[in-house]
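Q: I'm new to this one, can you walk me through it? Let's just take it bit by bit.

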Amino acid sequence: MATSTQQGPAGWVKPELDLSGANWQSSGRGTGGAQVAFVEGFIAMRHAGSPGGPSLIFNPAEWRAFVLNARSGAFDLT
């Protein structure tokens with residue numbers, strides 16, 4: 001459940017999501033170092049090796065842009 005928000009860059013408001021009960025899934029055939037979870041209409045991503053560390057939170061449009069740019073080589077995910 002989103003309990004509060006934090007003001008981010010360019011006016012974007014980041015929700016404070018409760019990720020404790022999230023169903024984390026490994027990215028890319030289970031070989032990647034990232035995990036994703038879908039929580040309250042947002043997408044959370046974290047480092048699989050540091051599950052207690054910080055998570056990136058994306059709204060659906062941001063997630064789509066991230067994935068499309070990653071597929072086109074805009075990000076080095078290795």
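Q: Let's start with Trp63: buried or exposed?
A: Trp63 is buried, because its relative accessible area is 18%. Buried means under 20% relative accessible area, exposed means over 50%, and partly exposed is in between (1.4 Å probe, protein chains only). Keep in mind that this is a predicted model, where local features need pLDDT of at least 70 and side-chain atom pairs count only at pLDDT 80 or more, while totals for chains, interfaces and linings use all residues. Residues are numbered from 1 along each chain as its sequence is written, and side-chain values use heavy atoms, with hydrogens and water left out.

Q: How many aromatic pairs are there?
A: Searching the whole structure gives 3 aromatic pairs. In one of them, the ring centres of Phe58 and Trp63 are 5.2 Å apart and the planes sit at 70°, so that pair is edge-to-face. Rings of Phe, Tyr and Trp (its six-membered ring) pair if their centres lie within 6.5 Å; planes under 30 degrees apart are stacked, over 60 edge-to-face, and the rest tilted.

Q: Which residues form the aromatic cluster?
A: Phe58, Trp63 and Phe66 make up one aromatic cluster. Phe58 is buried too, since its relative accessibility is 12%.

Q: Zooming out, how many helices and strands does the protein chain have?
A: There's 1 helix and 6 strands, and from the N terminus on they run β-β-β-β-β-β-α. Both kinds are DSSP runs numbered from the N terminus: helices are H or I with at least four residues, strands are E with at least two.

Q: What's the order of strands in the open sheet?
A: The sheet has 4 strands in the order E3-E4-E5-E6, with antiparallel pairing. E3 (25-26) and E6 are at the edges with a single partner strand each, so one side of each has no neighbour in the sheet. Two strands pair if DSSP finds at least two bridges between them.

Q: How many bridges link E4 and E5?
A: E4 (residues 34-39) and E5 (residues 42-47) are joined by 6 bridges, in the antiparallel sense. Val39 has Phe42 as its bridge partner in E5, and Val36 stands opposite Met45. The hairpin has 2 residues between the strands, and Glu40 there takes a positive phi near 50°.

Q: And how many for E5 and E6?
A: That antiparallel pairing has 3 bridges, with E6 covering residues 56-58. Met45 has Leu56 as its bridge partner in E6.

Q: Where does helix H1 lie?
A: H1 (residues 60-71) lies across E4, E5 and E6, at about 110° to E6. Axes are lines fitted to C-alpha atoms, for helices over the stretch in contact, with angles from 0 to 180 degrees between N-to-C directions.

Q: New topic: which residues are in the largest nonpolar core?
A: It has 8: Leu17, Leu19, Ala22, Trp24, Ala37, Val39, Ala44 and Ile57. A second, separate core of 6 residues includes Val36, Ile43, Met45 and Phe58. A nonpolar core is a set of buried Ala, Val, Leu, Ile, Met, Phe, Trp, Tyr and Cys residues joined through side-chain atoms within 4.5 Å.

Q: What about Ser55, where is that found?
A: Ser55 is in the loop between E5 and E6, and it counts as buried because its relative accessibility is 18%. Leaving aside neighbours within four places in sequence, Ser55 is in contact (heavy atoms within 4.5 Å) with Lys14, Leu19, Trp24, Met45 and Arg46.
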